[in-house]
Amino acid sequence: DLQQTELATASKRKLRRFIVIDEVVDKLYGSEVREYFEKNNVQHKILALPTTEETKSMDLVLNILHEVQKFSLDRRTEPIIAIGGGVCLDIVGLAASLYRRRTPYIRVPTTLLSYVDASVGAKNGVNFLQCKNKLGGYTPPVASFLDRSFIQSIPRRHISNGLGEILKMALMKHKGLFDLLKSHGKYLLDTKFQSCNGLADHGDAALQTTRIAIETMLEELAPNLWEDDLDRLVDFGHLISPELEMRVLPSLMHGEAVNVDMAFMTYVAHARGLLDAEEKEQILQCMRGLELPVWHSGCSWALIQRALRERLKHSGGQPRMPLPTGLGVAEIFNDTSEETLEKAYELWVRD
């Protein structure tokens, strides 16, 4: 907004920023963040918080809002800045949407998962009554700043966790992205998604992979930002995983739970005749190559039934089940029988 920009730059008032940063990120990068604001003569308040699935609650949102109120933030010209993983970005997004009905905020993702997933779209939220993201809204950030150098400091398992969401987009929409993950998965894990010179056989696999993942996600989300249409390919891997993830916390990370869901749904697609045995095996081999779990003991038949019943409540009485119909192509189905699901589950457990 040009008028707001002029107001902000013409004002004699000192620039001020309120920053919420994940406490682990603060230990790694907090001194650089503080140095940046000090060098640019910006008055700032940095609030470092433990942002995990276990702490993702309205209590933490209210904690942030108390501090925002003390800082006396001007909601027109002083966006709140969130620096952290997906949980941090979700919590801050909800806090910003509530403060004076809507305060602008900026997302700075620091994990691979948040880089390709939470940075895109309008959703924010917190867990409630042991249900994932039960409270929330749709308030997009004014900007997302993407910097892959943050990813070099996260553990290998967190890289794999992010690859789960990238694989989701590959299986639903992009055979080329699936081929990239198959060919370069181990390399991406080893190099932590940093662009390395002198490795011509891999090209810039990190840049290609993240760019395609984000572009395909945007293609799906942009026309349906408020989820008016409930038929969403991006829901692949998210039918059973919310129930599973909350049930077994903290043993599965989000992308891992999503992958367990996708592995089961790959068996469902095979049981329906949508995937042949070779395609099913290619998908499972790719998952293993990305060091993602393809099964979890907590994913019982009873949990699957419960999760699918919950799905019906919130999707207009239809399961709206995205399933791969090949490698990189998919459709949404509402007619998968209980018998097919049970058969797929038995094959999955057996394997």
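This report describes the overall form, an annotated region and several local features of a predicted protein model.

## Basis of the model

Because the structure is predicted, local features need pLDDT of at least 70 and side-chain atom pairs count only at pLDDT 80 or more, while totals for chains, interfaces and linings use all residues. Residues are numbered from 1 along each chain as its sequence is written, and side-chain values use heavy atoms, with hydrogens and water left out.

## Overall form

The protein contains 13 helices and nine strands. Helices (H or I, at least four residues) and strands (E, at least two) are DSSP runs, numbered from the N terminus. Along the principal axes, the C-alpha atoms fill a box of roughly 70 × 50 × 35 Å.

## The annotated region

An unreviewed UniProt entry lists residues 48-160 as "domain: 3-dehydroquinate synthase N-terminal". UniProt positions are given in the numbering used here, feature names are shortened, and annotations may be inferred rather than shown by experiment. In the model, residues 48-160 are 35% helix and 25% strand, and their end C-alpha atoms lie 26 Å apart.

## Salt bridges

The count of salt bridges comes to 30; each is a side-chain nitrogen of Lys or Arg within 4 Å of a carboxyl oxygen of Asp or Glu.

## Backbone features in loops

Leu249 and Pro250 are joined by a cis peptide bond, with omega about 0 degrees. Pro250 is located in the loop between helix 9 (241-248) and helix 10 (254-271).

Arg101 is a residue other than glycine with a positive phi, near 70 degrees. The loop that holds Arg101 runs between helix 4 (86-98) and strand 4 (105-109).
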